[in-house]
Amino acid sequence: MPTLATSSSLLLTRRLLAARTFPTSSAAAAAGYSTTVKMARSALDEVTDTGAFDRSPSTFRSSVSSDASARFPAVPGRYHLYVSYACPWASRCLAFLKLKGLDHAIGVTAVKPIFERTKETDDHLGWIFPATADEEPGAEPDPFNGAKSVRELYEIASTNYAGKPTVPVLWDKQLKTVVNNESSEIIRMLNTEFNDIAGNPGLDLYPVHLRASIDEINELVYDAINNGVYKCGFAKKQGPYDEAVTRLYEALDKCEQILGKQRYICGNQLTEADIRLFVTLIRFDEFLSSTSSKIGEVCTTSLMHVYAVHFKCNKKLLREHPNLFNYTKDIYQIPGISSTVNMEHIRKHYYGSHPSINPYRIIPVGPNIDYNAPNDRERFGS
């Protein structure tokens, strides 16, 4: 039976790769470095010869600091977050922005949900900004650079960037560069470095006394669950899929057991580990989507979630894990969190952007789940 932990040598290799910092165009020019970065262009380029999905490390790894003398000081209005509502990694950052009360200090622009051509000169498909504010509900044109795509943002930051243009992007409007595109680091910055201007500075989602527990859970959840669903979905051979789906459900079962004893994944206090787990769980099963018409009527649409069907993670649905299911509803009902979940964007992206998995872009329909429904988590205390 596969173990839940990744081998130490593989983890070390991944951490060394992830630690690489690629200079921006201005910094690189000043230091005499080349600004060409060669990475995978899309998730399909990250499938190895063995048929397994192997995610590339993020490339921009600078930090915003509460130190006013830092290159990237935490000041209001200087930074902007580019996201996709479809992307679970970007959704982590949106959740932190809401929880910490930083909406007034850091703006957000969301891209269109379905990949499109990013340039006329090649066939790369990626995140695109709408041309107008009313082209795609929930998405907006780039307000600062006039970029047509996220790829263009990366090329502004690093002139000959040839890597994978991902979201989230923490953008410095003053220096016109990408500060960081690694969600796990961005959420740590949002948690601590902006406290002087945060609306909720007392909330600490990475408290000292829980850090060892959070780190342990994060390692399990990232490899087997957050990234595990992608390993299932993008596997091109049966062996890698079987291994990934086995580890996924072992990890889900472990989380189910933990959540049978406490309200949150690291105890009875909300932490970053909960947000990191939630953004994957909310994409598993179906969702009850309600929209109001012009005459005040409410239309309810049934949408099948992406991981159970699209990524073939259907051994056991989320609602068949009672603790995980109620836990997901509990997190969703925290003020601000539901606004970070745009099911229309999630549905459109996954079923419309992966032609090798769903070439005809058929969107399946399933029964409704209302994540605003009551849950039982208060039995552990508020």
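I began with strand β7, residues 169-172, and looked up its pairing with β8. Three bridges join the two strands, and they run antiparallel. I then picked out one of the residue pairs. Leu170 has Asn180 in β8 as its bridge partner. I keep in mind throughout that this is a predicted model.

**The sheet around β7**

Next I asked which strands make up this sheet, and in what order. I found four, arranged β3-β2-β7-β8. The sheet is open, and its pairing is mixed.

Why is one side of β3 and of β8 left without a neighbour in the sheet? I checked their positions. β3 (107-110) and β8 (177-180) stand at the edges, and each has a single partner strand, so one side of each stays without a neighbour there.

I moved to helix α3, residues 88-100. This helix lies across β2 (79-83) and β3. Against β2, α3 runs at about 135°.

**The whole protein**

I noted twelve helices and ten strands in the protein.

How many of the residues count as buried? I got 54% of 382.

I then took the contacts between residues at least 6 apart in sequence. Of these, 71% join residues at least 24 apart.

Last, I looked up the surface. The protein exposes about 16600 Å². Carbon and sulfur atoms supply 53% of that area.

Methods:
Residues numbered from 1 in each chain as written. Predicted model: local features only at pLDDT ≥ 70, side-chain atom pairs only at ≥ 80, totals over all residues. Heavy atoms only, no water. Buried < 20%, exposed > 50% of the residue type's maximum accessible area, 1.4 Å probe, protein only. Contact = heavy atoms within 4.5 Å. Areas by Shrake-Rupley, 256 points an atom, 1.4 Å probe, with all protein chains shown as cover. Pairing = 2+ DSSP bridges. Axes fitted to C-alpha atoms, helices over the stretch in contact; angles between N-to-C directions.
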